[in-house]
Amino acid sequence: MKPWSRVVVVLSLFLAGAQGALAAPPAWAERPVRLIVPSAAGGSGDTLARPLAEALGQQIGQTVVVENKGGVGGVLGASMVASSSPADNQLLFGAVHHTIAPAVLKNFPYDTRKDLKAVTLIAAMPNVLVVNAASPYHSVNDLLAAARQGKGVNYGTSGVGTMLHLMAGKLEKLSGTTMTPVHYKGSGPAVMALIGGDQIDFMFETMPSAVAQIRNGRLRALAVSSPERAQALPDVPTLKELGMDELSAQTWYGIFMQGEVPEATVQSVAGAIHQALQTEKIQTIWQTNGAQVQSNSPAEFTAYVDQELNYWADTVQTLGLSNF
């Protein structure tokens, strides 16, 4: 072997070793990692959580195990993470309802600001105000006019104190109308009732479910709750356009960890998740479900969560809902 060839071989081995060192998993990923999804398998959150766990696992060279811990509107799974040890390596697939629950539930089991550490936002999607496809209401103004005329407008919810209930209740409050809530055990039964056409007149629904029913001709969209028009429904106006900026609230998902996890670990986890979110597969799945990939720093997400806690607490108070 010529001398320069030996140099090339040695240099190649050195670079390969250096690349291997750079690609080494972070210290926290040397232990088992669990992503706690606080809802049943198959829901909209689960649909996003599983591909994210797969993409994150590829980033850190470690299988990320998804565990579904549904119950009490997501509080059960969140409590599990909040009460865990910082060394347990549990990630919470959190969502907007984790900032609503403290305002509506009695004897809330943890302090969101202290017992959970915000890592990063991962997705946001608007909610959609929908009516039956055969409904006489073709705009939000049509709907509110009927309510003002005392025509007995009913709206469906996914349960008392849920986001979909609070948004419809706030629409009623802001418009100065009187409408009747009909509470169901989840948004699925509410959507079926709306499609049936004889129990409720409208409801707010999350984007994935709403778009599917709109595309198959069963529902009609009157407005979306995002600050800007949704890519999946570009012809549907925003509530902000209709002068209802206070209803510009979205369904969002984010990752949390136990409140005493070291800041360096939180930053490292956030970085790995940000890389996972940039993969083509994740981008496609998010778009298919009407969601936008969104990420931010732990500090930015902490401020956002604090803002959401205050917003929903004010909303609950404005609507005069008691803890239950």
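Colleague: Which residues of α3 are buried in this predicted model?

Modeller: In α3 of the predicted model, the buried residues are V75, G77, A78, S79, V81 and A82.

Colleague: What makes you call helix α3 mostly covered?

Modeller: A residue is buried when its relative accessible area is under 20%, and 6 of the 8 residues in helix α3 (residues 75-82) are buried. The elements that cover the buried residues of α3 include β1 (33-37), β3 (90-95), α4 (97-104), α5 (112-115), β4 and β9 (250-258).

Colleague: Why is T177 called buried?

Modeller: T177 has a relative accessibility of 8%, and because the cut-off for buried is under 20%, T177 counts as buried. T177 sits in the loop between α7 (163-175) and β6 (180-183), and, leaving out residues up to four places away in sequence, T177 touches L144, A147, R148 and E172.

Colleague: How do you know that the side chains of T177 and S175 are joined by a polar contact?

Modeller: The side chains of T177 and S175 make a polar contact of 2.9 Å, and the cut-off for such a pair of N or O atoms is within 3.5 Å.

Colleague: Which residues of the largest nonpolar core touch the most other members?

Modeller: That core has 105 residues, of which L35, F93, I122, F202 and W286 touch the most other members. Its largest share, 12 residues, comes from strand β4 (residues 116-132). As for F202, its contacts beyond four places in sequence include L129, V130 and V131, as well as L143, Y155 and L194.

Methods. Residues are numbered from 1 along each chain as its sequence is written. This is a predicted model: local features need pLDDT of at least 70, side-chain atom pairs count only at pLDDT 80 or more; totals for chains, interfaces and linings use all residues. Side-chain values use heavy atoms; hydrogens and water are left out. Helices (H or I, at least four residues) and strands (E, at least two) are DSSP runs, numbered from the N terminus. Buried means under 20% relative accessible area, exposed over 50%, partly exposed in between (1.4 Å probe, protein chains only). A polar contact is a pair of N or O atoms within 3.5 Å; within protein, one must be able to donate a hydrogen and the other to accept it, and residues adjacent in sequence count only if both atoms are side-chain atoms. Contact means heavy atoms within 4.5 Å. A nonpolar core is a set of buried Ala, Val, Leu, Ile, Met, Phe, Trp, Tyr and Cys residues joined through side-chain atoms within 4.5 Å.
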